[in-house]
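Work through the exercises below with the structure open. Try each task before you read its solution.

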Amino acid sequence: MSKVKVLFVCLGNICRSPLAEGIFRQRVIEQGLSDHFDMDSCGTAAYHIGKGPDTRSMANAEKNGVIYDHSARQFDVQDFYDFDIILPMDDSNFEDVISLRPPDAKAKVMKMRHFDPVDRESDVPDPYYGGEKGFQEVFEILDRSIDGLLEELIINNVTFLSAM
Ligand code: 4NP
């Protein structure tokens, strides 16, 4: 059985999307689902290519029990063929991704918070210029959204991917 490939996208690929990838990977491992999912993250911008995740973001995640690492890369058109589902964090990331979508793209593009049971409409806010409160808020949003995403992927047996 082929794996479902999930790509998380933000602007810089140092705060939100590598954290989302880290939480998703941890959940997949905890639930014994590593044979079923692959995951990666990237940014729409080139500012931080090759850098590790923001240290404030990693410190906050560690407090919440999640350890992760990543090397930032920029979104590429090839990602539309390499992934099944692409999850931009906010409207701006969504528009940037959609503007590059080729007609024969394989991947479905859905905003991350589509899977947040508390609020399906909002963005995952950019925490880069804020303080600790912002990083904790982002963690809680991603924690819920990723549980929602996994639940949907498992309960619906990934059928929603082909139904869209
Ligand atoms: P991210 O956060 O998109 O969640 O990784 C940001 C990181 C860097 C910048 C903006 C947002 N920046 O302007 O450098």
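**Exercise 1.** Which are the buried residues of H1?

*Solution.* This is a predicted model: local features need pLDDT of at least 70, side-chain atom pairs count only at pLDDT 80 or more, and totals for chains, interfaces and linings use all residues. Residues are numbered from 1 along each chain as its sequence is written, and side-chain values use heavy atoms, without hydrogens and water.

Step 1: find the helix. H1 covers residues 16–30. (Helices are DSSP runs of H or I with at least four residues, strands are runs of E with at least two, and both are numbered from the N terminus.)

Step 2: apply the cut-off. Buried means under 20% relative accessible area, with a 1.4 Å probe and protein chains only.

Step 3: list them. The buried residues are Arg16, Ser17, Pro18, Leu19, Ala20, Glu21, Gly22, Ile23, Phe24, Arg27 and Val28.

**Exercise 2.** Explain why Asn93 counts as buried, then find its contacts.

*Solution.* Step 1: locate Asn93 in helix H4.

Step 1: check the area. Asn93 counts as buried because its relative accessibility is 1%.

Step 2: look for contacts (heavy atoms within 4.5 Å). Leaving aside neighbours within four places in sequence, Asn93 touches Val9, Cys10, Leu11, Arg16, Thr44 and Pro88.

**Exercise 3.** Trace the pairing of S3.

*Solution.* Step 1: S3 pairs with S1 in the parallel sense over four bridges. (Pairing needs at least two DSSP bridges between two strands.) Leu87 is the bridge partner of Phe8.

Step 1: S3 also pairs with S4, parallel, over two bridges. Here Ile86 has Val109 as its bridge partner.

Methods: Expected span 1.5 Å × (residues − 1). Buried < 20%, exposed > 50% of the residue type's maximum accessible area, 1.4 Å probe, protein only.
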